[in-house]
There are 2 protein chains.
Amino acid sequence: MVTRLSHFFLRTLREDPADAEVTSHRLLVRAGYIRRQAPGIFAWLPLGLRVKARIENIIREEMAAIGAYEVHFPALVPADPYRESGRWEAYGDGIFRLKDRKDADYLLAPTHEELFTLLVKDLYSSYKDLPLSIYQIQDKYRDEARPRAGLLRGREFTMKDAYSFDYTDAGLDVSYQAQRDAYERIFQRLGLEYVIVQADNGLMGGARSEEFLHPTSVGEDTFVRSEGGYAANVEAFETIAPAPLPIDGLPAPVIFDSPDTPTIQTLVDHANAHLDAPAPGIAGPATADATQWTAAHTLKNVVLALTHLDGTRELVVVGIPGDRDVDDKRVEVAFAPAEVEAATDADFARNPQLVRGYIGPWSETGPILGEESASGIRYLLDPRVVDGTSWITGANIHEKHVHSLVAGRDFAGDGVVDVASVRAGDPAPDGSGPVSLARGMEIGHVFQLGRFFAETLGLKVLDENGKLVTVTMGSYGIGVTRILAILAELNNDDKGLIWPESVSPFDVHVVATGKDAAAYALADDIAARLEATGREVLYDDRPKVSPGVKFADAELVGVPHIVIAGRDAAAGDVEVWNRATGERQVMDVEAALARLTAR
Amino acid sequence: MVTRLSHFFLRTLREDPADAEVTSHRLLVRAGYIRRQAPGIFAWLPLGLRVKARIENIIREEMAAIGAYEVHFPALVPADPYRESGRWEAYGDGIFRLKDRKDADYLLAPTHEELFTLLVKDLYSSYKDLPLSIYQIQDKYRDEARPRAGLLRGREFTMKDAYSFDYTDAGLDVSYQAQRDAYERIFQRLGLEYVIVQADNGLMGGARSEEFLHPTSVGEDTFVRSEGGYAANVEAFETIAPAPLPIDGLPAPVIFDSPDTPTIQTLVDHANAHLDAPAPGIAGPATADATQWTAAHTLKNVVLALTHLDGTRELVVVGIPGDRDVDDKRVEVAFAPAEVEAATDADFARNPQLVRGYIGPWSETGPILGEESASGIRYLLDPRVVDGTSWITGANIHEKHVHSLVAGRDFAGDGVVDVASVRAGDPAPDGSGPVSLARGMEIGHVFQLGRFFAETLGLKVLDENGKLVTVTMGSYGIGVTRILAILAELNNDDKGLIWPESVSPFDVHVVATGKDAAAYALADDIAARLEATGREVLYDDRPKVSPGVKFADAELVGVPHIVIAGRDAAAGDVEVWNRATGERQVMDVEAALARLTAR
């Protein structure tokens, strides 16, 4: 049925919405696709719903092609399975929680791993039932601290989440690859550029974890890639530890006065003014040939406060080369599920053995940091702080530092932690060369969950030998509404949206102009004939609206093909307008129909 | 793509689920359509999701045919618009409420009148924009006190809710009729018997309100209908008030001893034993010719306690003929939005002027009941208690009653309330004859909201004269998941489900049996050829499953057409099995395909 604008529920707006920070949000609201209901929560108007449905259909087709079946879980789910997995607590403030009239706990599910696991446990019992891939396309909820950027970071959003079930690791690899391939086809059909990056595999400790990032300067995620093909998000980047250096013959540590040097830069300046130049090889390969002291020669000791799931607070000191910072996201991942923040004044007040601005692991009377030290505070070292590297660092005495402090001789950590910032030029861990940094937006995630949920919730099947084995799972997510927003973000100009054909709300936008009945008759005819070939047509038949307004609306709405029946209608001619290129061409109706129905 | 049972996500169950009270629930779980997640909350498995999608598509097609456009609101919505309409309070415990991390109030919306109103207010400003009909198909939430009967009364359920917007009453009538007609087509296409009954028009006070009830003995709703075509649910039934009777010449009230007569029956027995027989005309037309005292001669005074929205508690006494009871649903509607319960012992203790078991409106020293009386308690009368009717009722003295108490002379009410139970034989209010009672299940509701929400939320448009007028609205709901359950409830036998073609999860269920490769090859071929004609095929290709199990599964799942390729496959013959009639017929493949693809 032809959709007529004289009657359709659409009002375009002249003004940008006041709260729109990004192009997609601005245009989707102005062109009548979505409408804000609450922070991060939107209503879908008919145009928006049509685009969303087209994206969902592409996903459904590709899921069907790999033999994944669609199910649908409720948004409102009981807390118990999430308690068993530990996520009820782990989510913290990030989810919506509620109680029913009987005071039972529920949540609005942000993802459904637990319930998928329990469903399969309910129904399946044998290896013969596997492999299985099932998915849903569902409205999900997260109580984001700062919902923003329209649909890009909302509190209600639509996701397709799929889960695979296998009883062998090799089976999981096959299921994983099938989903990964399907994702590539989905993004190709959507015309959406993507980079597959290694991702952190999180708490569940599965084997493979990859994100599909759309590279864009406005992306929230930073990722690194090498010319040689390595790609990972910063959380997953692994620093290559250099080889240890010989310790024999290195000079002994020397404490020196360093008044008024609470920062790395003041310390470096002081060292260059008052110390001998560094000896070759000092502080490891990166600075081996330095003739001046640099930040890379210093060991920065960052005090972090962890809040564990049980509520206990623990101070941890991280030792990293002074030319790097601790990266917030890498820290978050490294210490999850604990929450991390910088130590507070109160933390320092409770730990007077830490001399702020001059913290170091060593003193003449014994170690200061480390579980076995005087303080008992856990001390973790950057992978670059290998045995035999020599550092300038705090002497743990106000306005004093120490130099020639050698790792593996004068101090040691309780373990290694890879949380320092990643920089362009750092070597890719796979040896494929130096990395560069770029920004991207996550559009999909494929992830080998492994046996975490199956173990926790008791999903086992009998194998070929009649032995109970724990099932291994994969989790595969695509953000439907986020993809819609990114497509809007990518496909527009100063006049409005320009949809790819694959997701446009309509295939053709027919416009009748002028007061001539012939124009309307011809437009009616074209619209009906296009619909007869299966094209979906938006027909601007509004009788008292000027051509200028109609054209402006067509440009704003962004259907890729526009047909105008106007002045030349009596002669049977129309204008065919390519929204993307701006090209407008007069041709007769038959030629226009032939062009618009060519596949 | 042919769906193969060897791989499809389906496990039928041999056992009925322990909590299944109704057939639909039992069969939908056993046949693998749904799975319980929490009380009244279900997951949809692939079969169930397919049936649901087919029902939704029928609704979408009929909505498109009347020019209604689809939108989609979030389930999680802010409280403020519901506060403005008063529903935030009025819903009481019946909705799920929650707070976000900023302590703002939200609810899981049971319906979206407020947000639809605000959306149109946002975008529309002129009579030229109207009429408009928009709808959504959406998962809704109600925190039912007793979720039960599977999908029939759940806490999460899918509804299509439509709203119309007009600026004249005549326009609303047209929009209303279009939706009503669409509903009739939808139910006809679903093969679902329905009765359209007048319904209560609730708090909003709109003009027309009709429910589509599916008549079924397991229905929760009672409705009445006359041979002459009247139909209404009991809440909406209007009692015809008889004409007043002359008061002149009626005997004066007489108090009499009535020891141990706290109930109507003991009172009637006492009256027949101790009083003169009733005079003709006593207590109005219904009992005009009685020669014995009956319950209909008595006036029963029922004490109700209302809790108003502001939390205040008010006692109200309702006077009804003693042969009827107060109907809970009619009371609920009559006093809404107040909540009603029977007066408690504490209420009576606080109101000692009410002599329990012997309550009446009159005493020798003046009125006992009524706002102007000694008690000040509001007194409402049944429509049958017209002036000139004469009653036996309590004398408000322990073990004493009064007879010959005449309405309009000895007592009067503060108003009329029509809350007595409706009985078979009561006259239809439209004069179409006596009514009978039946039970039904609500499957749809069309309702003229009128200007309640538009007035409350400020939805006005400029009319032809440039004057601001308040928009008038209609509300039109269909319970998608409830319809699915009713269809399952109606279409089954002792073997399983039997879907109507219009909503069956698949069009044809192809079964290959035996160990003969020819059977599987033929079944493959049939499945592929059926899919090529647009039929959706479920193909039971499981290699090591017995024919008996396959047939039992086919019967349980309930696809209406089954094709079996087995013994005769080598000869090119198959068996075509009509699930509903049980008829099985051997024919060659071409004949089978011709039959199965005939429209």
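## Overall picture

Of the 599 residues in chain A, 56% count as buried, where buried means under 20% relative accessible area, exposed means over 50%, and partly exposed is in between (1.4 Å probe, protein chains only). Please keep in mind that this is a predicted model, in which local features need pLDDT of at least 70, side-chain atom pairs count only at pLDDT 80 or more, and totals for chains, interfaces and linings use all residues. Residues are numbered from 1 along each chain as its sequence is written, chains are lettered from A and ligands numbered from 1 in the order in which they are written, and side-chain values use heavy atoms, with hydrogens and water left out.

Chain A holds 14 helices and 32 strands; these are DSSP runs numbered from the N terminus, with helices (H or I) of at least four residues and strands (E) of at least two. The C-alpha trace of chain A spans about 100 × 65 × 50 Å along its principal axes.

## Domains of chain A

Three domains are assigned in chain A: domain 1 (23–237 + 436–488), domain 2 (254–416) and domain 3 (506–597). Their bounds come from an automatic or database domain assignment. Taken over C-alpha atoms, the centres of domain 2 and domain 3 of chain A are 69 Å apart.

## Salt bridges

Over all chains, a search of the whole structure finds 104 salt bridges, each being a side-chain nitrogen of Lys or Arg within 4 Å of a carboxyl oxygen of Asp or Glu. Let's begin with Lys300(A) and Asp325(A), whose closest N and O atoms are 2.8 Å apart in their salt bridge. This pair links distant parts of the chain, 25 residues apart: Lys300(A) is in strand E15 (residues 299–307) of chain A, while Asp325(A) is in the loop between strand E16 (313–321) and helix H8 (328–335) of chain A. Lys300(A) counts as buried because its relative accessibility is 18%, whereas Asp325(A), at 47%, counts as partly exposed.

Another salt bridge joins Glu371(A) to Arg378(A), with 4.0 Å between the closest N and O atoms. Glu371(A) is partly exposed at 46% relative accessibility, and Arg378(A) is partly exposed at 21%. In chain B, Arg378(B) and Glu371(B) form a salt bridge with their closest N and O atoms 4.0 Å apart; Glu371(B) is partly exposed, with a relative accessible area of 45%. Back in chain A, a network of salt bridges links Arg50(A), Arg54(A), Asp507(A) and Glu536(A).

## A negative patch

Asp93(A), Asp328(A), Glu332(A) and Glu339(A) form a negative surface patch. Patches are made of residues with over 30% relative accessible area and no salt bridge, like charges being joined within 9 Å and nonpolar side chains (Val, Leu, Ile, Met, Phe, Trp, Tyr) within 5 Å. Asp328(A) is placed in helix H8 of chain A, and its relative accessibility of 64% makes it exposed.

## A loop valine and a covered helix

Val218(A) sits in the loop between strand E11 (209–215) and strand E12 (221–226) of chain A. With 46% relative accessibility, Val218(A) counts as partly exposed. Its C-alpha atom is separated by 40 Å from that of Val355(A), 137 residues apart along the chain.

Over in chain B, helix H5 (residues 113–123) is mostly covered, with eight of its eleven residues buried. Among them are Leu115(B), Phe116(B), Leu119(B), Val120(B) and Leu123(B), together with Glu113(B) and Glu114(B).

Note on methods. Areas by Shrake-Rupley, 256 points an atom, 1.4 Å probe, with all protein chains shown as cover. Lys, Arg positive; Asp, Glu negative; His and termini not counted. Charge placed at Lys NZ, Arg CZ, Asp CG, Glu CD.
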